[in-house]
Amino acid sequence: MSETGVTPIGTNDPVGYDTIAGDAATLSAQITRLRAQIFEPEMVKTLRPFTSAEAAKLLGVTDSYLRHLARAGEGPEPARQSGNRHAYSLAQIDELRSLLARKGGPKARVVTPNRPPHESAQVIAVANFKGGSGKTTTTVHLAQHLAMRGFKVLAVDLDPQASLSSLFGYQPEADVSSGETLYGAIRYDDPRPITEVIRPTYFPNLDLVPGNLELHEFEHETPRALMERGARQAPFYSRVATALAAVSMRYDIVVIDCPPQLGFLTLGALCAATGVLVTVHPQMLDIASMSQFLNMTADLMDVVRRAGADVELDFFRYVLTRYEPKDGPQAQVAGFLRSLFGERVLTNAMVKSTALADAGLSKQTLYEVGREGMTRSTYDRALESLDAVNGEIEALIRAVWDARSVPAQAAE
């Protein structure tokens, strides 16, 4: 033992496989216990009801109009809360959306969210190879926002760390077995249909392909497959797209949380994507890292393009995350990016907020927790930021569909 009282590693207290494996087992067991406490009594996440004001905002009508419908007995019957307030489940909000679309009229100009019949699903890849850029936070809130707006959404966890899966209530090492991630559908030997690895979530309209450490196997197997099998196998860059094509008419939008590195999985996701979101924390070190990411991405995408991959995108956007508007250096970096890339930087930014951090303590998103137990102004600012970012992305998706609908209608 040294004079500081700390035993140097590698002397009397060697750390090896058994220690690391023991720590992993201890941590996994503790996470399971915490989940049991947070999501009592069945250890399964459920979605809270939405107030009539929240429902009205999602539907694009007034709260008073929803109350009028409830008094008239039209639509699903809301649950009554304290103070004679009404609340709706997300499934009931979908029922109301269909009802209002049928009714029409000036007070019910509800646009149904589904993609045009001739269009396959939009595939949105959320990428950056620097950890801490807000990639998973962006993915989960975008997927949930779109589901709440009535789109049929598939979220794909392509990150072996599986943070997205954890936010949806799955403990990767305990709840996701071998072959139950996207790897099961894209592996080179005996791939499974993707329908066998899709799981429902507690969010209506939102399904999940979970992730865990087995996704690393694709990174290890691909070089061997390239050498041993050559043209006999579908190339690595097309395997994610091929798997998703089987369900492209079942969903409106697929959102992929890519790994924080530019490997074969990320390249496969980028080749499958119709739109790409690059998350950016507006600090110079992160910008320098993003520069390397873009250089590598461009080089590799050119290689797979020349090999026959379709790498055309409907849109490519930078999303500012963990943004602090009152931080002078961050504001300068944001301005710098906008001057360089113009409209490719989203107009709205995802602000840094204690509300997001507080929600994460219970493995929930801001859309799940509601205002209860939070400072209302802090919650509202964070929610406004999320809605603005996700609404802008939704508008991009709708614009793609609208642009394609014109020639399709002319052809008919």
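A pocket, on a 1 Å grid over the protein atoms alone, is an open set of points where a 1.4 Å probe fits, with protein on both sides within 12 Å along at least five of seven lines; its lining residues have an atom within 4 Å of a point. The model examined here is predicted, so local features need pLDDT of at least 70 and side-chain atom pairs count only at pLDDT 80 or more, while totals for chains, interfaces and linings use all residues. Residues are numbered from 1 along each chain as its sequence is written, and side-chain values use heavy atoms, with hydrogens and water left out.

**Pockets**

The second largest pocket is lined by 29 residues, and those nearest its centre are Gly134, Lys135, Thr136, Thr137 and Arg322. Helices H5, H6 (163-167) and H14 (354-361) each give at least two residues to this lining; helices (H or I, at least four residues) and strands (E, at least two) are DSSP runs numbered from the N terminus.

The largest pocket has 40 lining residues, with Phe50, Thr51, Ser52, Ala53 and Glu54 closest to its centre. Among the elements that supply two or more residues to the lining of the largest pocket are strand E1 (50-51), helix H2 (52-59), helix H5 (135-148) and helix H16 (376-411). H16 provides the largest share, seven residues.

A volume is the space filled by probe spheres set on the grid points, which are joined across faces, edges and corners. Ala, Val, Leu, Ile, Met, Phe, Trp, Tyr, Cys and Pro count as nonpolar, Asp, Glu, Lys and Arg as charged, and the others, Gly among them, as polar.

| Pocket | Volume | Lining by class |
|---|---|---|
| Largest pocket | about 970 Å³ | 13 nonpolar, ten polar and 17 charged residues |
| Second largest pocket | about 490 Å³ | nine nonpolar, 15 polar and five charged residues |

His141 belongs to helix H5. At a relative accessible area of 3%, His141 is buried, a term that means under 20% relative accessible area (1.4 Å probe, protein chains only). Apart from neighbours within four places in sequence, His141 is in contact (heavy atoms within 4.5 Å) with Leu356, Thr365, Leu366, Tyr367, Leu386 and Asn390. Although His141 and Thr365 are 224 residues apart in sequence, their C-alpha atoms are 7.0 Å apart in space. The side chain of His141 also reaches the backbone nitrogen of Leu366 at 3.1 Å.

Asn390 is part of helix H16 and is buried, with 0% relative accessibility. Its contacts, again leaving aside neighbours within four places in sequence, are His141, Leu142, His145 and Tyr367.

**Other buried sites**

Helix H10 (residues 236-245) has seven of its ten residues buried, so this helix is largely enclosed by the rest of the structure. The buried residues of H10 are Phe236, Tyr237, Ser238, Arg239, Val240, Ala243 and Leu244.

Asp286 lies in helix H12 (residues 284-306) and counts as buried because its relative accessibility is 10%. Residues up to four places away in sequence not being counted, Asp286 touches Lys130 and His281.

**Cysteines**

A disulfide is a covalent bond between the sulfur atoms of two cysteines. With the criterion of a pair of cysteine sulfur atoms within 2.5 Å, a search of the whole structure finds zero disulfides. Cys258 is buried at 0% relative accessibility, and Cys271 is buried with a relative accessible area of 10%.

Conventions. Buried means under 20% relative accessible area, exposed over 50%, partly exposed in between (1.4 Å probe, protein chains only). A polar contact is a pair of N or O atoms within 3.5 Å; within protein, one must be able to donate a hydrogen and the other to accept it, and residues adjacent in sequence count only if both atoms are side-chain atoms.
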